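Take a moment with the sequence and the 3D view. The report below moves from an open space to the helices around it, and then to the loops.

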Amino acid sequence: MYISLALSTLFLLFQYLISEYVFERLNLYYELPWLDIPMHLVGGFGVAWFSISLYKVLRKSYTLKNILVATLSVAVAWEVFEFTLDVLSVRVWTGWLDTTTDVLNGIIGALVAYKVFSLFFYEYFFGNIRRRCPDSYRV
């Protein structure tokens, strides 16, 4: 579980560094406006992965609602951060449609992560039991 938490942290850190020091510096978000979409999808995936890993480390059960609330909280905080940067650097704010789309893309990424990691953890814990059962007990 600790490995998953460390990997998810590194995943989010790597995504931030690529975004800030590659895409932003090369003005790729302005040259390729669609680049914002996969970044928010991947960000939502990463936040959900981190949240699931944290729940596992703390030995707490989690639900889809918990993961979506965590992802939504981070997504809204990120959008406030982006808005603040736009105001302070006198950039043009892209509007509510872009903000809403960014948050929804993060939620979609979180849904994918929830499904992927729920299935992974299910197979990891219960897959061994299935392999040990005689064929007559298998469904």
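## The largest pocket

How much space lies in the largest pocket? In this predicted model, the answer is about 1100 Å³. The lining is made up of 37 residues. Those closest to the centre of the pocket are Ser19, Asp36, His40, Trp78 and Glu82.

Which helices supply the lining? At least two residues come from each of α1, α2, α3, α4 and α5 (96–132). Helix α4 gives the largest share, with 10 residues. By type, the lining divides into 18 nonpolar, 10 polar and 9 charged residues. How can such a space be found at all? Rolling a probe the size of a water molecule over the atoms shows where empty space is left.

Helix α1 runs over residues 2–23, which makes 22 residues. From the first C-alpha to the last, α1 reaches 30 Å. That is close to the 32 Å expected at 1.5 Å a residue.

Which residues of α1 are buried? They are Ser4, Leu5, Ser8, Gln15, Ser19 and Phe23. These residues lie on the same side of α1, because they cover an arc of only 115 degrees around the axis. An α-helix has 3.6 residues a turn, so residues three or four places apart point the same way. The buried residues of α1 pack against α2 (28–31) and α3 (36–57). On the other side of α1, Tyr2, Ile3, Leu10 and Phe14 are exposed.

His40 is found in helix α3. Is His40 buried or exposed? It counts as buried, because its relative accessibility is 11%, and the cut-off for buried is under 20%. Leaving out residues up to four places away in sequence, His40 touches Trp78, Glu79, Glu82, Asp102, Asn105 and Gly106.

Glu79 sits in helix α4 (residues 64–88). Glu79 is buried too, with a relative accessible area of 9%. What does Glu79 contact, leaving aside its neighbours within four places in sequence? The partners are His40, Thr99, Asp102 and Val103.

## Loop residues

Now turn to the loops. Most residues other than glycine have a negative phi. Asn27 has a positive phi of about 55 degrees, although it is not a glycine. Asn27 lies in the loop between α1 and α2. Its relative accessible area is 39%, so Asn27 is partly exposed.

Arg59 also has a positive phi, near 55 degrees. Arg59 lies in the loop between α3 and α4. At 78% relative accessibility, Arg59 counts as exposed.

Thr63 has its place in the loop between α3 and α4. Thr63 counts as partly exposed, at 40% relative accessibility. How many residues separate Thr63 and Ser118 in sequence? They are 55 residues apart in sequence. In space, C-alpha to C-alpha, Thr63 and Ser118 are 9.8 Å apart.

Key
Residues numbered from 1 in each chain as written. Predicted model: local features only at pLDDT ≥ 70, side-chain atom pairs only at ≥ 80, totals over all residues. Heavy atoms only, no water. Helix = DSSP H or I, 4+ residues; strand = E, 2+ residues; numbered from the N terminus. Expected span 1.5 Å × (residues − 1). Buried < 20%, exposed > 50% of the residue type's maximum accessible area, 1.4 Å probe, protein only. Arc of directions from axis to C-beta. Contact = heavy atoms within 4.5 Å. 1 Å grid on protein atoms, 1.4 Å probe; cavity = no way out; pocket = protein on both sides within 12 Å on 5 of 7 lines; lining within 4 Å. Points joined across faces, edges and corners; volume = space filled by probe spheres on them. Nonpolar A, V, L, I, M, F, W, Y, C, P; charged D, E, K, R; others polar.
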